[in-house]
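These are my notebook entries on a single protein chain. I set down what I looked up, entry by entry.

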Amino acid sequence: MNETLQWFPGHMKKAQRLIEENLSLVDIVIELLDARIPVSSQNPMLREIIRDKPRLIVLNKADLAANVDAWLKKFRDENLSAVAVDAVKGSGIKQLIALAKSLAESKTHKLTKHGAKPRSARAMIVGIPNVGKSSLINRLAGMNHVKIENRPGVTRAKQWIKIADGLDLLDTPGILYPKFDDADVALKLSWTYAISDEIHDLEPTVCKLLEVLAEKFSAGLIERYKIQISADGHELLNQIALKRGCLQKGGNIDLERALHLILTEFRDGKLGRVTLDEL
Ligand code: G4P
(Lines give C-alpha, C1' and ligand atoms only; values in the text may rest on other atoms or scores of the structure.)
Protein backbone atom coordinates (compact mmCIF):
# COMPACT_ATOMS: atom_id res chain seq x y z
CA MET A 1 0.00 0.00 0.00
CA ASN A 2 1.25 3.44 -0.81
CA GLU A 3 0.45 5.31 2.32
CA THR A 4 1.99 8.70 1.74
CA LEU A 5 1.72 11.40 4.31
CA GLN A 6 -1.60 13.14 4.95
CA TRP A 7 -1.26 16.51 6.61
CA PHE A 8 -4.37 16.29 8.74
CA PRO A 9 -3.88 16.97 12.44
CA GLY A 10 -6.73 14.53 13.24
CA HIS A 11 -4.89 11.67 11.52
CA MET A 12 -1.69 12.52 13.30
CA LYS A 13 -3.29 12.60 16.73
CA LYS A 14 -5.01 9.27 16.14
CA ALA A 15 -1.78 7.68 14.87
CA GLN A 16 0.11 8.93 17.90
CA ARG A 17 -2.55 7.56 20.26
CA LEU A 18 -2.47 4.15 18.54
CA ILE A 19 1.30 4.04 18.75
CA GLU A 20 1.26 4.81 22.45
CA GLU A 21 -1.35 2.08 23.05
CA ASN A 22 0.61 -0.52 21.08
CA LEU A 23 3.96 0.48 22.55
CA SER A 24 2.67 -0.48 25.96
CA LEU A 25 2.29 -4.07 24.66
CA VAL A 26 5.85 -4.56 23.41
CA ASP A 27 9.33 -5.07 24.84
CA ILE A 28 11.40 -3.86 21.90
CA VAL A 29 10.86 -1.32 19.13
CA ILE A 30 12.06 -1.77 15.57
CA GLU A 31 12.48 1.72 14.13
CA LEU A 32 12.34 1.60 10.36
CA LEU A 33 14.20 4.41 8.61
CA ASP A 34 14.74 5.15 4.92
CA ALA A 35 18.43 4.46 4.23
CA ARG A 36 18.44 7.38 1.76
CA ILE A 37 17.36 9.80 4.51
CA PRO A 38 18.40 8.24 7.84
CA VAL A 39 17.83 11.50 9.74
CA SER A 40 14.94 13.07 7.84
CA SER A 41 12.89 9.86 8.15
CA GLN A 42 13.13 9.95 11.96
CA ASN A 43 10.46 11.13 14.33
CA PRO A 44 12.10 13.52 16.78
CA MET A 45 9.70 12.48 19.58
CA LEU A 46 10.26 8.73 19.34
CA ARG A 47 12.94 8.50 22.00
CA GLU A 48 10.71 10.31 24.44
CA ILE A 49 7.75 8.06 23.61
CA ILE A 50 9.58 4.73 23.96
CA ARG A 51 11.82 5.81 26.85
CA ASP A 52 14.02 2.91 28.02
CA LYS A 53 12.66 0.25 25.64
CA PRO A 54 15.41 -1.38 23.59
CA ARG A 55 15.39 -0.02 20.03
CA LEU A 56 16.68 -1.60 16.84
CA ILE A 57 17.36 0.78 13.96
CA VAL A 58 16.64 -0.71 10.56
CA LEU A 59 17.78 1.17 7.47
CA ASN A 60 15.35 0.01 4.79
CA LYS A 61 15.60 0.52 1.02
CA ALA A 62 19.34 -0.04 1.38
CA ASP A 63 19.29 -1.11 -2.28
CA LEU A 64 18.60 2.54 -3.20
CA ALA A 65 21.08 4.19 -0.81
CA ALA A 66 24.70 5.20 -1.32
CA ASN A 67 26.40 5.40 2.02
CA VAL A 68 24.85 2.66 4.12
CA ASP A 69 27.93 1.33 5.94
CA ALA A 70 28.97 4.76 7.19
CA TRP A 71 25.47 5.37 8.56
CA LEU A 72 25.39 1.97 10.27
CA LYS A 73 28.73 2.80 11.88
CA LYS A 74 27.40 6.15 13.07
CA PHE A 75 24.42 4.52 14.81
CA ARG A 76 26.57 1.74 16.27
CA ASP A 77 29.04 4.34 17.57
CA GLU A 78 26.08 5.77 19.48
CA ASN A 79 25.60 2.33 21.05
CA LEU A 80 22.48 1.59 19.04
CA SER A 81 21.79 -1.73 17.33
CA ALA A 82 21.49 -1.06 13.61
CA VAL A 83 21.11 -3.10 10.46
CA ALA A 84 20.50 -2.36 6.77
CA VAL A 85 17.87 -4.27 4.79
CA ASP A 86 15.97 -4.46 1.54
CA ALA A 87 12.51 -5.48 2.68
CA VAL A 88 11.38 -6.30 -0.85
CA LYS A 89 14.24 -8.58 -1.89
CA GLY A 90 15.00 -9.77 1.64
CA SER A 91 18.67 -8.88 2.07
CA GLY A 92 19.71 -8.21 5.68
CA ILE A 93 16.61 -9.90 7.09
CA LYS A 94 18.50 -12.74 8.81
CA GLN A 95 20.78 -10.24 10.53
CA LEU A 96 17.75 -8.16 11.56
CA ILE A 97 16.13 -11.20 13.18
CA ALA A 98 19.37 -12.12 15.00
CA LEU A 99 19.77 -8.57 16.37
CA ALA A 100 16.11 -8.30 17.37
CA LYS A 101 16.38 -11.67 19.10
CA SER A 102 19.42 -10.67 21.10
CA LEU A 103 17.79 -7.37 22.17
CA ALA A 104 14.65 -9.28 23.11
CA GLU A 105 16.57 -11.91 25.07
CA SER A 106 18.14 -9.30 27.30
CA LYS A 107 14.65 -7.96 27.97
CA THR A 108 12.98 -11.33 28.71
CA HIS A 109 15.97 -12.32 30.83
CA LYS A 110 15.37 -9.22 32.96
CA LEU A 111 11.65 -10.07 33.26
CA THR A 112 12.27 -13.65 34.44
CA LYS A 113 14.99 -12.46 36.83
CA HIS A 114 12.32 -10.37 38.48
CA GLY A 115 10.07 -13.41 38.92
CA ALA A 116 7.87 -13.13 35.81
CA LYS A 117 6.74 -16.28 33.99
CA PRO A 118 8.93 -16.96 30.93
CA ARG A 119 7.28 -15.72 27.72
CA SER A 120 8.28 -14.65 24.21
CA ALA A 121 9.48 -11.09 23.87
CA ARG A 122 7.26 -8.82 21.80
CA ALA A 123 8.35 -6.34 19.18
CA MET A 124 6.66 -3.79 16.97
CA ILE A 125 7.73 -1.90 13.86
CA VAL A 126 7.37 1.86 13.72
CA GLY A 127 8.16 4.25 10.90
CA ILE A 128 6.99 7.09 8.71
CA PRO A 129 4.55 6.55 5.81
CA ASN A 130 5.92 4.62 2.81
CA VAL A 131 9.17 3.65 4.53
CA GLY A 132 8.35 -0.05 3.97
CA LYS A 133 6.61 -1.15 7.18
CA SER A 134 4.09 -3.45 5.46
CA SER A 135 6.78 -4.87 3.17
CA LEU A 136 8.96 -5.69 6.17
CA ILE A 137 6.12 -7.23 8.17
CA ASN A 138 5.16 -9.36 5.16
CA ARG A 139 8.77 -10.38 4.70
CA LEU A 140 9.17 -11.30 8.36
CA ALA A 141 5.90 -13.16 8.31
CA GLY A 142 7.18 -15.09 5.31
CA MET A 143 4.01 -14.49 3.30
CA ASN A 144 4.77 -11.84 0.77
CA HIS A 145 1.52 -12.22 -1.10
CA VAL A 146 -0.50 -10.94 1.88
CA LYS A 147 -0.96 -7.20 2.11
CA ILE A 148 -1.42 -6.08 5.67
CA GLU A 149 -3.72 -3.15 6.32
CA ASN A 150 -2.02 -0.32 8.16
CA ARG A 151 -4.56 2.47 8.07
CA PRO A 152 -4.87 4.20 11.40
CA GLY A 153 -8.32 3.69 12.77
CA VAL A 154 -8.90 0.12 11.57
CA THR A 155 -10.02 -1.63 14.73
CA ARG A 156 -9.33 -5.33 15.05
CA ALA A 157 -7.84 -7.81 17.46
CA LYS A 158 -4.09 -7.61 18.02
CA GLN A 159 -2.28 -10.31 16.15
CA TRP A 160 1.22 -11.54 16.79
CA ILE A 161 3.53 -13.14 14.26
CA LYS A 162 6.24 -15.46 15.54
CA ILE A 163 9.44 -14.34 13.77
CA ALA A 164 12.00 -16.30 15.81
CA ASP A 165 12.18 -18.53 18.85
CA GLY A 166 11.16 -16.36 21.77
CA LEU A 167 10.26 -13.34 19.61
CA ASP A 168 6.80 -12.26 18.41
CA LEU A 169 6.02 -9.28 16.21
CA LEU A 170 2.85 -7.19 16.35
CA ASP A 171 1.31 -7.42 12.86
CA THR A 172 0.24 -3.76 12.89
CA PRO A 173 2.99 -1.17 12.50
CA GLY A 174 3.02 2.21 14.22
CA ILE A 175 2.87 5.19 11.90
CA LEU A 176 5.22 7.96 12.91
CA TYR A 177 5.23 11.49 11.61
CA PRO A 178 8.51 13.03 10.45
CA LYS A 179 9.61 16.58 11.05
CA PHE A 180 7.89 17.92 7.95
CA ASP A 181 7.65 21.49 9.20
CA ASP A 182 11.36 21.78 8.40
CA ALA A 183 11.52 22.83 4.71
CA ASP A 184 14.69 20.88 3.96
CA VAL A 185 13.31 17.71 5.55
CA ALA A 186 9.97 18.17 3.73
CA LEU A 187 11.78 18.30 0.37
CA LYS A 188 13.60 15.04 1.07
CA LEU A 189 10.34 13.43 2.17
CA SER A 190 8.73 14.53 -1.11
CA TRP A 191 11.57 13.19 -3.24
CA THR A 192 11.40 9.80 -1.49
CA TYR A 193 7.57 9.83 -1.59
CA ALA A 194 6.81 9.94 2.12
CA ILE A 195 4.81 13.05 1.22
CA SER A 196 2.24 12.68 -1.55
CA ASP A 197 2.86 14.48 -4.87
CA GLU A 198 -0.67 15.84 -4.82
CA ILE A 199 -0.14 18.26 -1.99
CA HIS A 200 2.72 20.36 -3.23
CA ASP A 201 4.03 22.09 -6.32
CA LEU A 202 6.13 19.54 -8.22
CA GLU A 203 8.14 21.87 -10.42
CA PRO A 204 10.30 23.54 -7.72
CA THR A 205 10.54 20.18 -5.89
CA VAL A 206 11.92 18.41 -8.97
CA CYS A 207 14.21 21.30 -9.95
CA LYS A 208 15.74 21.28 -6.48
CA LEU A 209 16.17 17.49 -6.64
CA LEU A 210 17.98 17.82 -9.96
CA GLU A 211 20.27 20.49 -8.49
CA VAL A 212 21.19 18.23 -5.56
CA LEU A 213 21.76 15.25 -7.86
CA ALA A 214 23.88 17.39 -10.21
CA GLU A 215 26.01 18.54 -7.32
CA LYS A 216 26.46 15.25 -5.49
CA PHE A 217 25.42 12.35 -7.70
CA SER A 218 25.95 13.64 -11.23
CA ALA A 219 27.20 10.30 -12.62
CA GLY A 220 23.70 8.79 -12.37
CA LEU A 221 22.12 11.76 -14.17
CA ILE A 222 24.68 11.71 -16.96
CA GLU A 223 24.45 7.96 -17.43
CA ARG A 224 20.65 7.89 -17.53
CA TYR A 225 19.90 11.01 -19.56
CA LYS A 226 23.15 11.83 -21.38
CA ILE A 227 22.80 15.51 -20.47
CA GLN A 228 25.20 18.35 -19.72
CA ILE A 229 25.47 18.92 -15.98
CA SER A 230 24.39 22.39 -14.90
CA ALA A 231 23.78 24.00 -11.49
CA ASP A 232 20.35 25.21 -12.67
CA GLY A 233 17.47 22.79 -12.03
CA HIS A 234 15.24 24.28 -14.77
CA GLU A 235 17.99 23.89 -17.30
CA LEU A 236 18.42 20.22 -16.29
CA LEU A 237 14.64 19.69 -16.40
CA ASN A 238 14.43 21.10 -19.94
CA GLN A 239 17.33 18.99 -21.16
CA ILE A 240 15.80 15.81 -19.72
CA ALA A 241 12.34 16.64 -21.15
CA LEU A 242 13.87 17.06 -24.63
CA LYS A 243 16.05 13.96 -24.39
CA ARG A 244 13.12 11.84 -23.29
CA GLY A 245 10.63 13.31 -25.78
CA CYS A 246 8.32 14.84 -23.20
CA LEU A 247 6.73 17.21 -25.73
CA GLN A 248 3.23 18.48 -26.42
CA LYS A 249 1.68 18.60 -29.90
CA GLY A 250 3.05 22.03 -30.84
CA GLY A 251 6.55 21.04 -29.72
CA ASN A 252 6.42 22.71 -26.30
CA ILE A 253 7.75 20.80 -23.33
CA ASP A 254 5.19 18.59 -21.55
CA LEU A 255 6.13 19.68 -18.07
CA GLU A 256 3.81 17.34 -16.14
CA ARG A 257 5.09 14.30 -18.00
CA ALA A 258 8.74 15.30 -17.47
CA LEU A 259 8.22 15.96 -13.76
CA HIS A 260 6.57 12.58 -13.15
CA LEU A 261 9.11 10.74 -15.27
CA ILE A 262 12.03 12.16 -13.29
CA LEU A 263 10.41 11.49 -9.91
CA THR A 264 9.46 7.92 -10.82
CA GLU A 265 12.91 7.11 -12.17
CA PHE A 266 14.60 8.67 -9.16
CA ARG A 267 12.41 6.74 -6.71
CA ASP A 268 13.01 3.49 -8.59
CA GLY A 269 16.77 3.97 -8.21
CA LYS A 270 17.32 4.47 -11.95
CA LEU A 271 19.40 7.60 -11.32
CA GLY A 272 21.79 5.66 -9.11
CA ARG A 273 22.09 5.10 -5.37
CA VAL A 274 21.81 8.23 -3.25
CA THR A 275 21.93 9.27 0.38
CA LEU A 276 20.47 12.71 0.84
CA ASP A 277 21.18 13.38 4.52
CA GLU A 278 24.67 14.42 5.58
CA LEU A 279 26.58 12.36 8.12
P1 G4P B 1 4.54 1.49 4.48
O2 G4P B 1 3.83 0.26 4.94
O3 G4P B 1 5.60 1.92 5.43
O4 G4P B 1 3.63 2.61 4.10
O5 G4P B 1 5.34 1.09 3.15
P6 G4P B 1 5.14 -0.13 2.14
O7 G4P B 1 5.60 -1.41 2.74
O8 G4P B 1 3.76 -0.08 1.57
O9 G4P B 1 6.21 0.25 1.01
C10 G4P B 1 6.11 1.47 0.28
C11 G4P B 1 6.79 1.29 -1.05
O12 G4P B 1 8.20 1.08 -0.84
C13 G4P B 1 6.30 0.08 -1.86
O14 G4P B 1 6.36 0.43 -3.23
C15 G4P B 1 7.33 -0.98 -1.56
O16 G4P B 1 7.40 -1.96 -2.58
C17 G4P B 1 8.59 -0.13 -1.50
N18 G4P B 1 9.66 -0.73 -0.68
C19 G4P B 1 9.58 -1.20 0.59
N20 G4P B 1 10.76 -1.65 1.02
C21 G4P B 1 11.63 -1.47 0.01
C22 G4P B 1 13.03 -1.75 -0.16
O23 G4P B 1 13.75 -2.22 0.74
N24 G4P B 1 13.58 -1.41 -1.36
C25 G4P B 1 12.85 -0.86 -2.38
N26 G4P B 1 13.48 -0.57 -3.53
N27 G4P B 1 11.53 -0.59 -2.26
C28 G4P B 1 10.94 -0.89 -1.08
P29 G4P B 1 5.07 0.76 -4.06
O30 G4P B 1 5.53 1.36 -5.34
O31 G4P B 1 4.11 1.53 -3.24
O32 G4P B 1 4.38 -0.57 -4.24
P33 G4P B 1 4.87 -1.86 -5.00
O34 G4P B 1 6.16 -1.52 -5.68
O35 G4P B 1 5.04 -2.87 -3.91
O36 G4P B 1 3.73 -2.12 -5.89
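**Entry 1**

The model is predicted: local features need pLDDT of at least 70, side-chain atom pairs count only at pLDDT 80 or more, and totals for chains, interfaces and linings use all residues. Residues are numbered from 1 along each chain as its sequence is written, and side-chain values use heavy atoms, with hydrogens and water left out.

I placed S230 in the loop between α8 (218-225) and α9 (233-243). Helices here are DSSP runs (H or I, at least four residues), as are strands (E, at least two), numbered from the N terminus. S230 has a relative accessible area of 18% and is therefore buried; buried means under 20%, exposed over 50%, and partly exposed in between (1.4 Å probe, protein chains only). Leaving aside neighbours within four places in sequence, I found S230 in contact (heavy atoms within 4.5 Å) with A214, E235 and L236.

I then turned to Q239, which is in helix α9. Is Q239 buried or exposed? Q239 is buried, at a relative accessible area of 15%. A polar atom of its side chain lies 2.9 Å from the backbone nitrogen of Q228. Beyond four places in sequence, Q239 is in contact with I227 and Q228.

L242 is also found in helix α9, but L242 counts as exposed, at 54% relative accessibility. Its contacts, with neighbours within four places in sequence left aside, are L247 and I253.

Two packed helices are described by the angle between their axes and the distance between the axes. Axes are lines fitted to C-alpha atoms, for helices over the stretch in contact, and angles run from 0 to 180 degrees between N-to-C directions.

How do α7 and α9 pack, at what angle and what axis distance? Helix α7 (residues 202-216) and α9 pack at about 95°, with axes 8 Å apart. The two are therefore roughly perpendicular; that word covers 65 to 115 degrees, whereas under 35 is roughly parallel, over 145 roughly antiparallel and the rest oblique. On the α7 side I listed E203, V206, C207, L210, E211 and A214; these meet G233, H234, L236, L237 and I240 in α9.

Helix α6 (residues 183-191) and α7 also pack at an angle of about 95°, their axes being 10 Å apart. I therefore recorded α6 and α7 as roughly perpendicular to each other. Here L187, S190 and W191 of α6 touch T205, K208, L209 and V212 of α7.

**Entry 1: V274**

V274 is found in the segment after α10 (255-267). At 2% relative accessibility, V274 counts as buried. Its contacts beyond four places in sequence are R36, L64, A65, A66, L213, F217 and F266. V274 and F217 are 57 residues apart in sequence, and their C-alpha atoms are 7.1 Å apart in space.

**Entry 2: confidence**

The protein chain averages 90, and 92% of the residues score at least 70. Over residues 144-152 the pLDDT is below 50; in the model this stretch has 23 contacts beyond near neighbours in sequence.

Note on methods: pLDDT is the predictor's confidence in each residue, from 0 to 100. A polar contact is a pair of N or O atoms within 3.5 Å; within protein, one must be able to donate a hydrogen and the other to accept it, and residues adjacent in sequence count only if both atoms are side-chain atoms.
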